[in-house]
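Please keep the sequence and the 3D view open while you read.

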Amino acid sequence: PGTYAVTGSASGIGRATADLLRAQGHSVIGVDLHTTGRLDSEVTADLATPAGRSAAAAQVLDIAGGELAGAILAAGVGPVGGGRHPRLIAEVNYLGAVELLAQWQPALAAGRPGKAVVIASNSATTTPLVPGRAVRALLAGDVDKALRATRLLGPGRPAVVYAASKIALSRWVRRTAVQPQWAGAGIRLNALAPGAVLTPLLQQQLDDPLEGKAVRRFPIPVGGFGAPDSLAQWACFMLTDAADFQCGSIVFVDGGTDALVRPDDW
Ligand code: NAI
């Protein structure tokens, strides 16, 4: 058994993953805006702010004693509800994952070494017209510039910022995973790219008149939405020895939408 950090542990995919890790006998440190009383330790933090991110990262390291067997970065906001504010989407979905992982790198290297799974999204490959400038600005850590690059987009803007945050996150994973301090230190960093999974985040989208229509129109070849529990099984699998030879991979578990939208773009 090891110690695992899970962000977004209070709901949806993060919650299901934290529960599964605990059921497997591991110790779980959750990070979220809310506590649930179900985990070994829960750090309450707002990952939308620099202070919240560094406090969360430091508290987890403190609780874990500087050694993590793994980390799952699942905190995120969708294009609707709490996530309507584009800045929130960029800060939580992108910086809320990469800044924490950067601070946890030494603990992951110490963790036998550890494995990290970032929850990306198939929106990264299926959303049209995402400005490359916004993605590049996020990768450079410049949220203001990324938001300026999307400011003229109208009502579809939150969905585009959401996709930009997930494209930047996926590229960051691929660029970072292969670095000497990561792959070379034995850490395995990979991403899971879900499609539509029935969680409170998706439910908020379904309940919104504009987004709800777009979500229902989006084709899912297998039919229906994914379940948080099955995504949790994938995330946990990518934390086992099965991932020893997996590095910088983006694993799509999306009911076939990505394959349908860009079959030959490969
Ligand atoms: P969810 O809404 O059920 O859970 C997200 C969790 O993140 C919540 O517990 C929430 O409190 C936490 N969170 C949000 N803002 C935060 C902040 N500022 N500070 C700390 N914690 C914060 O969502 P779900 O669906 O489980 O999403 C998990 C991840 O999966 C997200 O990164 C999302 O973008 C991604 N994803 C979800 C899909 C879906 O269809 N549900 C599809 C593709 C990706």
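The notes below go from the whole protein to single residues.

This is a predicted model, in which local features need pLDDT of at least 70, side-chain atom pairs count only at pLDDT 80 or more, and totals for chains, interfaces and linings use all residues. Residues are numbered from 1 along each chain as its sequence is written. The protein comes to 11 helices and seven strands; helices (H or I, at least four residues) and strands (E, at least two) are DSSP runs, numbered from the N terminus.

**The whole protein**

- The radius of gyration of the protein is 17 Å, which agrees with the value near 18 Å that a compact globule of 266 residues would have. This radius is taken over C-alpha atoms, and the globule rule is 2.2 Å times the number of residues to the power 0.38.
- Along the principal axes, the C-alpha atoms fill a box of roughly 45 × 40 × 40 Å.
- Of the 266 residues, 50% count as buried. A residue is buried if 20 or more other C-beta atoms lie within 10 Å of its own, exposed if 12 or fewer, and partly exposed in between, with C-beta atoms placed from the backbone.
- Among contacts with a separation of 6 or more, 75% join residues 24 or more positions apart. Two residues are in contact if their C-beta atoms, placed from the backbone, lie within 7 Å.

**Around the ligand**

- The ligand is surrounded by 28 residues, and the closest are Ser11, Gly12, Gly76, Thr199 and Leu201. A residue is near a molecule if its C-beta atom, placed from the backbone, lies within 6 Å of it.
- Helices α1 (12-23), α3 (86-110) and α8 (200-207) each supply at least two residues of this shell.
- The shell divides into 17 nonpolar, nine polar and two charged residues. Here Ala, Val, Leu, Ile, Met, Phe, Trp, Tyr, Cys and Pro count as nonpolar, Asp, Glu, Lys and Arg as charged, and the others, Gly among them, as polar.
- Ser11 is found in the loop between β1 (3-7) and α1. Ser11 counts as partly exposed because 18 C-beta neighbours lie inside 10 Å.
- Not counting residues up to four places away in sequence, Ser11 touches Thr199 and Pro200. Ser11 and Thr35 are 24 residues apart in sequence, and their C-alpha atoms are 9.9 Å apart.

**Two helices to trace**

- Helix α3 has 25 residues and reaches 36 Å from its first C-alpha to its last, close to the 36 Å expected at 1.5 Å a residue. The expected span of a helix is 1.5 Å times one less than its number of residues.
- Where does α3 bend? The bend is about 50° at Trp104, and Pro106 follows within four residues. A bend at a residue is the angle between axes fitted to the seven residues ending there and the seven starting there.
- Helix α7 (residues 157-177) should span 30 Å with its 21 residues, and its end C-alpha atoms are 30 Å apart, which agrees. Of those 21 residues, 17 are buried, so α7 is mostly covered.

- The peptide bond that links Arg112 to Pro113 is cis, with omega near -20°.
- Arg112 is not a glycine, although its phi is positive, at about 85°. Arg112 is partly exposed because 13 other C-beta atoms lie within 10 Å.
- Leu129 is another residue other than glycine with a positive phi, near 60°. Leu129 is found in the loop between α4 (123-126) and α5 (132-139), and counts as exposed because it has 8 C-beta neighbours inside 10 Å.

- Ile13 lies in helix α1. Ile13 is buried, since 29 other C-beta atoms are within 10 Å.
- Leaving aside neighbours within four places in sequence, the contacts of Ile13 include Ala74, Ile119, Pro194 and Thr199.
- Arg216 is found in helix α9 (residues 209-217). Arg216 is exposed, as 10 other C-beta atoms are within 10 Å.
- From Arg216 to Glu67 is 43 Å, C-alpha to C-alpha, and the two are 149 residues apart in sequence.
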